[in-house]
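Trainee: I have a model open and want to learn how to read it. Can we go feature by feature?

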Amino acid sequence: MTSRATVQTSPANDRRLRLLEATMKQHQYRPDALIEVLHRAQKLFGYLDTNLLLHIAQRLKLPPSRVYGVATFYHFFSLAPKGIHSCVVCLGTACYVKQAAQLLSCLENATGIKAGETTADGQLSLMTARCLGACGIAPTVVFDEQLEGHQTLERVTQRLKSCLSASRP
């Protein structure tokens, strides 16, 4: 079973769910361990699907709305499978002033997806961030966890092409 598979409901059928259960047990099923449990779940499964969130809510005795609220509040949690490659465009004030919205639009047009989506072939996830904390080199884009500053339309287009061609035979 791949890391993108839907969560099983029985720990006996899925090693990842048994490991998640061990993490919750380690934290004594305390509701205040929710973020740690969500981190572990995402690391094990690759993303947090609805069944997994419901399972966590039940085991930690939390309302599903609380678990979902935390999972959607923090940008590092994903409710859908992510692509092999990732691209994050900073939309913080400094980047926005230096045309980050145009960079994002260019990337959306080139990939055929909107921010927050993954290409149909699973190659690329396009995301935005409120601020990456690199205002001095704005506008910034993160390709596969590598921060790149002073981005232009030409640079992001070229970087996108090289990123995607590297994973194709």
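Trainee: What percentage of the 169 residues in the protein do buried residues make up?

Mentor: Start with the provenance. This is a predicted model, where local features need pLDDT of at least 70, side-chain atom pairs count only at pLDDT 80 or more, and totals for chains, interfaces and linings use all residues. Residues are numbered from 1 along each chain as its sequence is written, and side-chain values use heavy atoms, with hydrogens and water left out. Now the term: buried means under 20% relative accessible area, exposed means over 50%, and partly exposed lies in between (1.4 Å probe, protein chains only). Here, buried residues make up 42% of the 169.

Trainee: How many helices and strands does the protein have?

Mentor: Helices (H or I, at least four residues) and strands (E, at least two) are DSSP runs, numbered from the N terminus. The protein has seven helices and five strands. Their order from the N terminus is α-α-α-α-β-α-α-β-β-β-β-α. The C-alpha trace spans about 50 × 40 × 20 Å along its principal axes.

Trainee: What share of the contacts with a separation of 6 or more comes from residues 24 or more positions apart?

Mentor: Contact means heavy atoms within 4.5 Å. In this protein the share is 58%.

Trainee: Which residues have the most contacts inside the largest nonpolar core?

Mentor: A nonpolar core is a set of buried Ala, Val, Leu, Ile, Met, Phe, Trp, Tyr and Cys residues joined through side-chain atoms within 4.5 Å. The largest one here has 21 residues, and Leu-20, Leu-34, Leu-38, Leu-48, Leu-52, Ile-56 and Val-67 have the most contacts inside it. Helices H1 (15–26), H2 (34–45), H3 (50–59) and H4 (64–73) each give two or more residues to this core. H2 supplies the largest share, six residues. Another core lies apart from it, with 17 residues, among them Cys-95, Ala-138, Val-156 and Leu-164.

Trainee: Leaving aside neighbours within four places in sequence, which residues is Leu-34 in contact with?

Mentor: With that exclusion, Leu-34 is in contact with Ile-56, Leu-60, Leu-62, Arg-66, Val-67 and Val-70.

Trainee: Now the strands. Which residues of S1 are on one side and which on the other?

Mentor: In a regular strand, side chains alternate between the two faces of the sheet. In S1, one side has His-85, Cys-87 and Val-89, while the other has Ser-86, Val-88 and Cys-90. Both faces are covered. Six of the six residues in S1 (residues 85–90) are buried.

Trainee: Which strand do six bridges join to S1?

Mentor: Two strands pair if DSSP finds at least two bridges between them. Six bridges join S1 to S3 (residues 124–129), and the two run parallel. There, His-85 has Leu-124 as its bridge partner. Three bridges join S1 to S4 (residues 141–143), this time antiparallel. Val-88 stands opposite Val-142 in S4.

Trainee: Where is the place of Leu-91?

Mentor: Leu-91 is in the loop between S1 and helix H5 (93–97). It counts as partly exposed because its relative accessibility is 29%. Not counting residues up to four places away in sequence, Leu-91 touches Tyr-96, Ala-100, Ala-101, Leu-104, Thr-128, Ala-129 and Arg-130. The C-alpha atoms of Leu-91 and Leu-132 are separated by 8.5 Å, with the two residues 41 apart along the chain. Leu-132 lies in the loop between S3 and S4.

Trainee: How many salt bridges does the count come to?

Mentor: Side chains of opposite charge can pair when their charged atoms come close. The rule for a salt bridge is a side-chain nitrogen of Lys or Arg within 4 Å of a carboxyl oxygen of Asp or Glu. The count comes to four. One of them joins Arg-16 to Asp-14, with the closest N and O atoms 2.9 Å apart. Arg-16 and Asp-14 are both buried.

Trainee: Why does Asp-32 count as exposed?

Mentor: Asp-32 counts as exposed because its relative accessibility is 56%. Its side chain meets that of Arg-30 in a salt bridge (2.9 Å, N to O). Arg-30 is at 35% relative accessibility, so it counts as partly exposed.

Trainee: How far apart are the closest N and O atoms of Arg-159 and Glu-148?

Mentor: They are 2.7 Å apart, in a salt bridge. Arg-159 lies in helix H7 (residues 153–166) and Glu-148 in strand S5 (residues 146–148), so the pair ties together parts 11 residues apart in sequence. Both Arg-159 and Glu-148 are buried.
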